[in-house]
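Please examine the sequence and the structure shown here before reading the report.

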Amino acid sequence: MSSPAETGGESTRAVHSGSPLDPSGAVATPIFQSATFGFAATDDLVEVASGRRPGNFYTRYSSPNQRAVEEKLAALEETKAALTFGSGMAAISTALLAHLRPGDRLAAYRDLYGGTLNFVRTVLVPLGVSVDWLDIGDDAALAAALARRPKVLYLETPTNPTLRIIDLESAARRARESGALTFVDNTFATPVNMKPIRLGASLSIHSATKYLGGHSDVTAGAVVGPREVVSKIEPFRKVLGGILSPHEAWLLERSLKTLPLRVERHNRNGQRMAEFLAEQAAVAAVH
């Protein structure tokens, strides 16, 4: 029999997906506040520690709370895999470091979160990654950049903070035709308003501190996408150490249960505010 998380709507998936069964019968996922995990036999430990079978070995690798919220995020984005991080920048930087090497090219739109711009300029460029900067709407520049065979096309839509929109489906198709992956910062849209993988993107990235968390009490990040793209990032998360703690993972899972309801109200309130401001003579522009 299919579970409610598999057959229900978005709010049902937000509540029921990714919650591990607990022997106590707890409806909410318990907080597994443990740095290490025990095994009945050394062979079992080796199997899990080496990644040959799922399990929990050490919290820098994974924990039940991380896995629960990652399964929920994958379900909400309607894709197969997710990884959580201690911040949005940890998610962004680890994803790019996992897929770019010295001598590779990155194509990126200029309208990016300041932390992302700073990472590209102060870390990737000194490491030997070449960058082609793009302006939104400049199709010729995009075509020229893709002709130089970048490994990754990186963009935000809506952009932070000016809320400019990029035709993601078109950009991802053109990137795919050139052999590039498309990474999308989906923080502002959330999986409720946009599911980038369905539109052809290779990876959806979030600062979960914003709408996903929603309560101003957790700093977190996430990457979500097909297993073959996400799995390349996991060993880099392990060695770089940008993991999400069990308590923060628990807070994020709690928040995701109400995400569809909260975003619906955000959308309604934002629309009303934009319409009101657009009618004010003292307001020059509404983003």
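## Basis of the model

This is a predicted model, in which local features need pLDDT of at least 70, side-chain atom pairs count only at pLDDT 80 or more, and totals for chains, interfaces and linings use all residues. Residues are numbered from 1 along each chain as its sequence is written, and side-chain values use heavy atoms, with hydrogens and water left out.

## Helices H4 and H11

Helices here are DSSP runs (H or I) of at least four residues, and strands (E) of at least two, numbered from the N terminus. Helix H4 (residues 64–77) packs against helix H11 (residues 246–256) at an angle of about 30°, their axes being 8 Å apart. Axes are lines fitted to C-alpha atoms, for helices over the stretch in contact, and angles run from 0 to 180 degrees between N-to-C directions. H4 is therefore roughly parallel to H11, a term for angles under 35 degrees.

## Helices H5 and H10

Helix H5 (residues 88–99) and helix H10 (residues 227–240) pack at about 110°, also with axes 8 Å apart. The two are therefore roughly perpendicular, the term for angles of 65 to 115 degrees.

## Asn 186

Asn 186 lies in the loop between strand E5 (181–185) and helix H9 (190–193). Because its relative accessibility is 0%, Asn 186 counts as buried (under 20% relative accessible area, 1.4 Å probe, protein chains only).

Beyond its neighbours within four places in sequence, Asn 186 is in contact (heavy atoms within 4.5 Å) with residues including Glu 77, Met 194 and His 206. Asn 186 and Ala 141 are 45 residues apart in sequence and 23 Å apart in space, C-alpha to C-alpha.

Conventions. Parallel < 35°, antiparallel > 145°, perpendicular 65-115°, else oblique. Buried < 20%, exposed > 50% of the residue type's maximum accessible area, 1.4 Å probe, protein only.
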